[in-house]
Amino acid sequence: MARNHPIYPHFTVFEGLDGSGTTTQAQFLTERFRAAGRSCIATQEPTSGPTGTCVRSVLAGTHQVTAGTTAYLFAADRYEHLYGQEGILAHLECGTPVICDRYVFSSLAYQGISCGLDFVLRLNQDFPFPARVFFLDLPVSECVKRLDSREAREIYESEQALLQIAEGYRQAMQVAREAGVSVHVLDATRPREQLAADVWNQIDGTVPE
Ligand code: TYD
């Protein structure tokens with residue numbers, strides 16, 4: 001399938017299974033940017049906007065929709081996130097670094113398992129790609145342990161679903177590589193401070209000032 005994903009050098013994404021620590025590492029990186037006196041935008045998907053709120057209610061199981069609708073909802077949330085007011089693209093066009101906790105690759109991995117990769121790729125086919133993705137690689141058994149300590153479970157947070165999503169991520173990272181994205185796979189069983197240091201070493205000097 002023809003794919004057209006412009007790559008933005010200031011754009012960094014964190015991906016991984018639920019419980020792998022994407023939010024923590026995105027926050028650490030944001031702090032490192034700011035401590036180095038550099039501005040950056042920290043953001044996440046699903047967003048807190050109207051479509052993102054709808055997505056959250058599907059994730060919580062409050063509303064049930066077909067798998068295809070879920071994929072459309074994530075893509076719609078992403079469209080607004082990119083092109084809406086104060087959207088990612090406006091920041092990237094100005095050269096401001098953007099750090100995003102989850103992006104297209106989550107859709108490929110999570111929605112791909114029930115809708116098929118090609119269906120999800122089609123919905124996301126014209127969206128820009130980041131220059132780099134940090135994939136936090138954590139065994140499913142460890143993710144489940146970490147999720148057990150949380151209060152509520154979302155629809156994808158079962159061992160059976162995570163095993164399928166882990167396979168989905170292998171395909172999603174392949175799509176990223178083929179599109180020219182630098183994929184950094186990190187062993188997420190390591191202490192989070194060490195991971196953050198590795199991330200910063202990869203970033204420092206590569207993200208244009
Ligand atoms: P996240 O905010 O990382 O989880 P948490 O509930 O711990 O804050 O992500 C929410 C869930 O949404 C997570 O299970 C991954 C899923 N997701 C998709 O299924 N598709 C997507 O495109 C995105 C961005 C997230």
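Leaving aside its neighbours within four places in sequence, with which residues is Cys115 in contact? In this predicted model, Cys115 is in contact with Ala67, Gly68, Ala71 and Val120 once its neighbours within four places in sequence are set aside, a contact being defined by heavy atoms within 4.5 Å. Cys115 belongs to helix 5; helices (H or I, at least four residues) and strands (E, at least two) are DSSP runs numbered from the N terminus. Between Cys115 and Ala71 the C-alpha to C-alpha distance is 7.8 Å, and 44 residues separate the two in sequence.

Residue numbers start from 1 along each chain as its sequence is written, and side-chain values use heavy atoms, with hydrogens and water left out. Because the model is predicted, local features need pLDDT of at least 70 and side-chain atom pairs count only at pLDDT 80 or more, whereas totals for chains, interfaces and linings use all residues.

The ligand sits in the largest pocket. On a 1 Å grid over the protein atoms alone, a pocket is an open set of points with protein on both sides within 12 Å along at least five of seven lines, in contrast to a cavity, where a 1.4 Å probe fits but cannot get out; lining residues have an atom within 4 Å of a point. A molecule is assigned to a pocket if more than half of its atoms lie within 2 Å of its grid points. The ligand is surrounded by 15 residues, of which the closest are Asp18, Arg102, Ser107, Gln111 and Arg150; a residue is near a molecule if one of its heavy atoms lies within 4 Å of it. Helix 2, helix 3 and helix 5 (104–115) each supply at least two residues of this shell, and helix 5 gives the most, with 4 residues.

A polar side-chain atom of Gln111 is placed 2.7 Å from a ligand nitrogen atom. For Arg56, an N or O atom of the side chain is 3.1 Å from an oxygen atom of the ligand, and a polar side-chain atom of Arg150 lies 2.8 Å from a ligand oxygen atom. Of the 560 Å² of accessible area that the ligand has on its own, the protein covers 88%, as computed by the Shrake-Rupley method with a 1.4 Å probe.

Arg102, one of the closest residues to the ligand, lies in the loop between strand 3 (98–101) and helix 5. Although Arg102 is not a glycine, its phi is positive, at about 80 degrees. Arg102 is classed as buried because its relative accessible area is 14%; buried means under 20%, exposed over 50% and partly exposed in between (1.4 Å probe, protein chains only). A positive phi in a residue other than glycine also occurs at Glu86, near 60 degrees. Glu86 is found in the loop between helix 3 and helix 4 (88–93), and its relative accessible area of 70% makes it exposed.

In helix 2 (residues 50–59), the buried residues are Gly52, Val55, Ser57, Val58 and Leu59. These buried residues pack against helix 3 (67–83). After helix 2 comes Gly61, with a positive phi near 85 degrees. The loop between strand 2 (41–44) and helix 2 contains Pro46, which is joined to Glu45 by a cis peptide bond with omega of about -5 degrees.

His81, in helix 3, has 10% relative accessibility and therefore counts as buried. The side chains of His81 and Thr43 are joined by a polar contact of 2.6 Å; such a contact is a pair of N or O atoms within 3.5 Å, and within protein one must be able to donate a hydrogen and the other to accept it, with residues adjacent in sequence counted only if both atoms are side-chain atoms. Beyond its neighbours within four places in sequence, His81 is in contact with residues including Glu45, Thr47, Ile88 and Cys100.

Glu154 is located in the loop between helix 7 (140–148) and helix 8 (159–178). At a relative accessible area of 26%, Glu154 is partly exposed. When neighbours within four places in sequence are left aside, Glu154 is in contact with Arg56 and Leu59. Glu154 and Glu178 are 24 residues apart in sequence, with 31 Å between their C-alpha atoms.
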